[in-house]
Amino acid sequence: MHHVCSIVPPYMLEALATQGDASQREAAVATLAVDNTHRTRRAIAAASLVGTRHELPTLTGATPQPHRSVYDAHHTEQLPGSLVRAVGGAPVADGAVDRAYDGLGATFTFYRDVLDRDSIDGRGLPMLASVHVGRRWDNAQWDGSQMQFGDGDGQIFGDFTASLDVIGHELTHGVTQYEAQLAYHGQSGALNESMSDVFGVMVKQHALGQTADQADWLIGAELMLPGFHGTALRSMKAPGTAYDDPRLGGKDPQPATMAGYLHTLQDNGGVHLNSGIPNHAFYLVAVALGGHAWDVAGHIWYGALTDPALRPTATFSVFAAATVRAARHGYGTAEVAAVTQAWRAVGVRVRGVPAT
Amino acid sequence: MRGPAHVVVRVERSGGFAGVSRDWTADSADLTADQAARLRALVEAAIDAVGDAVADAAEAVGEAADAVGDAVRDGFDYQISAQVGGRRHRWQGPAADVPAVRQLAEHVREVAFGA
């Protein structure tokens, strides 16, 4: 386990990381970022409990850099595992480690360069990821303070670091945790999932330099192994069409519109299923406005996610209204119309706007 | 006629990043003696960890999830049932937060993989 000797005691670093001024915070975070882990995780947990939904500082002066650390769990569930690549470290002979490291960097760059946001909390929080988690673990998740990636089951799913949109998805769960804190159940949970798909897919498009009409709008395409009957796990362009594979229960069940809204007790009320509805609304806006998805549509969605009026229990209708407000605030009638039309197309009534 | 040591465990898993539902079953009658003994031991450990009665088990798993699993996103959601002789036990929730239950779920999945 990697340790850094410091003349500044840990409690002081943690205090500076959450309560110091900009330069103190940056220095403390940088020190914590190369230290392991209980200390860093505690600082992250502390930061998540104070100052949430605060007004974020505008990025000025020196360009923020990503504080990222990747750990190897060695196919166990003992997290985070051993540090294998820290800030500024050279590539290692492990594809999962380097993909995670690069993916954290690409996600950080997207949030910084496009949305003027400094990391998960907007204040330079270190990003931690563990790879090779569990045995045949076919999942990636955010546990409240770090990302976890499995190697897949070797039958349907491969390494979960293979898709950049998956890494962007998981890190965005952290962003949502510090912003709208959308409750992970029912419609607010589906919105939480949709935020991660929306910003995750934009991370990939940004890295590839793709416009909305060039992108495939698929989630998790690269982690599916040969023999899989489908193209990806989800399609934002055409929810419900990503796969038809008996090993996954048949056809992709995601609805594209409220007409297909699924009422279920599984999956926290279908958070990964009904997310297809707001996912598709975002796709429609991005394509209607043209150019890069992040140019306008991404900013509108980010404005809604960070809107202080958006409550954790927001419904689709309430979130739709937040996007319309964000469009009105930052753009003109064409953008407002595109957003309103998209929600209407997926059958979501925009709260405060009469249905037609 | 099977004896009281006959154990059947069914694991239904939903959620996760993929958001797909999958299920696996392990039947001690289909396993080697060592595998069957391992399955019984894991079931007993799960019962010891979260209680014997159905309601207690579900409640205990739920409480554990509330305590430490609240911030997890893309975690798995489980429904697990175990038939032990004539008794039926059931757990539900994000069992990942109760190690004994998660070990049982993972073992059943491993058995299905033929490991």
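What follows is a chat about a predicted model, taken a few residues and elements at a time.

Visitor: Let's start with chain B. Which strands make up the open sheet, and in what order?
Guide: Four strands form the open sheet in chain B, ordered β2-β1-β3-β4, and their pairing is antiparallel. The edge strands are β2 (22-27) and β4 (87-93), each of which pairs on one side only. From one strand to the next, the twist averages 10 degrees.

Visitor: Okay, Arg10(B) now. Where does Arg10(B) lie?
Guide: Arg10(B) is in strand β1 of chain B, which covers residues 7-15.

Visitor: What does Arg10(B) touch, leaving aside its neighbours within four places in sequence?
Guide: Asp23(B), Trp24(B) and Thr25(B), plus Gln79(B), Ile80(B) and Ser81(B). With Asp23(B) there's also a polar contact between the side chains, at 3.4 Å. Ala105(B) is 95 residues away in sequence, yet its C-alpha is 8.5 Å from that of Arg10(B).

Visitor: Why does Arg10(B) count as partly exposed?
Guide: Because its relative accessible area is 32%, and partly exposed covers the range between under 20% for buried and over 50% for exposed.

Visitor: Switching to chain A. Which peptide bond is cis there, from Leu79(A) to what?
Guide: The one from Leu79(A) to Pro80(A), with omega near 5 degrees. Pro80(A) is in the loop between β1 (68-76) and β2 (82-85) of chain A.

Visitor: What's the phi of His75(A), and of His132(A)?
Guide: Phi is near 60 degrees for His75(A) and near 55 degrees for His132(A).

Visitor: Where's His75(A), and is it buried or partly exposed?
Guide: His75(A) lies in strand β1 of chain A. With 42% relative accessibility, His75(A) counts as partly exposed.

Visitor: And is His132(A) buried or exposed?
Guide: Buried, at 12% relative accessibility. His132(A) is in strand β3 of chain A, residues 127-133.

Visitor: Aromatics next. How many aromatic pairs are there over all chains?
Guide: The count comes to 14 aromatic pairs over all chains. Among them is Tyr261(A) with Phe316(A), edge-to-face at 6.1 Å centre to centre and 75 degrees between the planes.

Visitor: Which parts of the chain does that pair link?
Guide: Distant ones, 55 residues apart: Tyr261(A) is in the loop between β9 (250-251) and α7 (267-270), while Phe316(A) is in helix α10 (residues 316-330). Tyr261(A) counts as buried at 16% relative accessibility, and Phe316(A) counts as buried at 1%.

Visitor: Which residues do ring pairs link into a cluster?
Guide: Trp217(A), Phe282(A), Tyr283(A), Trp301(A), Phe319(A) and Trp343(A).

Visitor: Last one: which ring does the charged end of Arg234(A) sit over?
Guide: The ring of Phe17(B), 4.7 Å from its centre. Arg68(A) also lies over a ring face, that of Tyr101(A), at 3.8 Å from the ring centre.

Note on methods:
Residues numbered from 1 in each chain as written. Chains lettered and ligands numbered in written order. Predicted model: local features only at pLDDT ≥ 70, side-chain atom pairs only at ≥ 80, totals over all residues. Heavy atoms only, no water. Helix = DSSP H or I, 4+ residues; strand = E, 2+ residues; numbered from the N terminus. Buried < 20%, exposed > 50% of the residue type's maximum accessible area, 1.4 Å probe, protein only. Contact = heavy atoms within 4.5 Å. Polar contact = N/O pair within 3.5 Å; in protein donor to acceptor, adjacent residues only side chain to side chain. Pairing = 2+ DSSP bridges. Axes fitted to C-alpha atoms, helices over the stretch in contact; angles between N-to-C directions. Phe/Tyr/Trp six-rings, centres within 6.5 Å; stacked < 30°, edge-to-face > 60°. Lys NZ or Arg CZ within 6 Å of the ring centre and 35° of its normal.
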